[in-house]
Amino acid sequence: MQKSYSPICFVLGLLLDAISPALVGACDSPACTCDKLPPIVLSSQRGCWVATSANFQVCSLRNSNEAESVAEHCEKLRSSLAAAYGLKIEQASWHPKCQIFLHVDANKYGAIVGKEFMQTLGSSLVKPETGEVASRRIDLRTDVPNYLQEVLPHELSHVLIADLFRACAPPLWYDEGLALLTDSQSKQALHQRNLRTGMKRGREFTLSELLTATEYPPADRVGVFYGQCASLARCLCREGSPEKIHQFAERSKEIGVNLALKECYGIAGLPALEQAWRKSINQPVRQLVALDLPAKSSGSFSQTSFAGE
């Protein structure tokens, strides 16, 4: 989930900004066409170890090995997610880089993102919400088992999606739905169970409500909301190519949901989508990008299919 941060969240950001001019790699240019990423550059200041790669600056309070390992993972994951989402980013480096802050426990994490969000495992923030990007950052709790697999893909998805929508905010169902598809299969199964339970109790949203929602629902409907976002995104991913869901999300804000459904998928309006979606609810879930690596090793990423699960 994307969050708003407390004022002290920028302390570590200022630290990275202060040392970043000295950490520019050989390929730190949008015009660079080399096939290989520049080597990761390590630095430290006031007990913070920083690993700078082509697109990321990772700050660890533990050691340089953790910072370097996570930076390497982030680069691989960014490429894997972009490929799965149908995004062509190979030659486009992020400027500014995405800052990743690794927090040793919930208390340290909560002090940055706000105590009201201490129950979350990670958060992302791209500023401003529209126009040219001024900053990208992700905060992660490293006390979470397999946080590079269980938390990072979800938050990095939000950052990638934010890059697609600079004229306006992305639709909430789409932003959360695609990010949820990067969750592990066990976590997606939990979202699916929450959806089924909510539907038995009549707590689900109409598709019209879901597709036009701009704010998160009350706490007693959050579980079914996430489950429904993931389920709808999964359904639409099966209906067409990766580019289709991006196009639909954009066009639905421009011309309305019904016309966008017809234009992008050939679906004759919300009733037809409702029928297709309800039929898809019980189909098996699968992680969008499978990450075959332990949380603190270099490992490799194995990409799965975006559509036709």
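The paragraphs below lead through a predicted model, from its sheet to a helix packed on that sheet and then to its aromatic rings. Because the model is predicted, local features need pLDDT of at least 70 and side-chain atom pairs count only at pLDDT 80 or more, while totals for chains, interfaces and linings use all residues. Residues are numbered from 1 along each chain as its sequence is written, and side-chain values use heavy atoms, with hydrogens and water left out.

Helices (H or I, at least four residues) and strands (E, at least two) are taken as DSSP runs numbered from the N terminus, and two strands pair if DSSP finds at least two bridges between them. On these terms 6 strands form an open sheet with mixed pairing, in the order β1-β2-β3-β4-β6-β5. Its edge strands, each pairing on one side only, are β1 (41-45) and β5 (122-127). Neighbouring strands of the sheet are turned by 15° against each other on average, direction ignored; the axes are lines fitted to C-alpha atoms, for helices over the stretch in contact, and angles run from 0 to 180 degrees between N-to-C directions.

Buried means under 20% relative accessible area, exposed over 50%, and partly exposed in between (1.4 Å probe, protein chains only). Of the 5 residues of β3, 5 are buried, so the strand is largely enclosed by the rest of the structure. Both of its faces are covered, with Phe56, Val58 and Ser60 buried on one side and Gln57 and Cys59 on the other. Helix α2 (residues 64-85) packs on the sheet, touching β1, β2, β3 (56-60) and β4 (98-103), and its direction makes about 150° with that of β3; contact means heavy atoms within 4.5 Å. Within α2 lies leucine 81, which is buried with a relative accessible area of 0%.

The aromatic rings form a further theme. Rings of Phe, Tyr and Trp (its six-membered ring) pair if their centres lie within 6.5 Å, and planes under 30 degrees apart count as stacked, over 60 as edge-to-face and the rest as tilted. The count by this rule comes to 9 aromatic pairs. Tryptophan 173 and tyrosine 174 form an edge-to-face pair, 6.0 Å centre to centre with 70° between the planes, and both residues are buried. The rings of tyrosine 216 and tyrosine 226 have centres 6.4 Å apart and planes at 55°, so this pair is tilted. Tyrosine 216 lies in the loop between α8 (207-212) and α9 (222-239) and tyrosine 226 in helix α9, so the pair ties together parts that are 10 residues apart in sequence. Tyrosine 216 is partly exposed at 31% relative accessible area, whereas tyrosine 226, at 13%, counts as buried.
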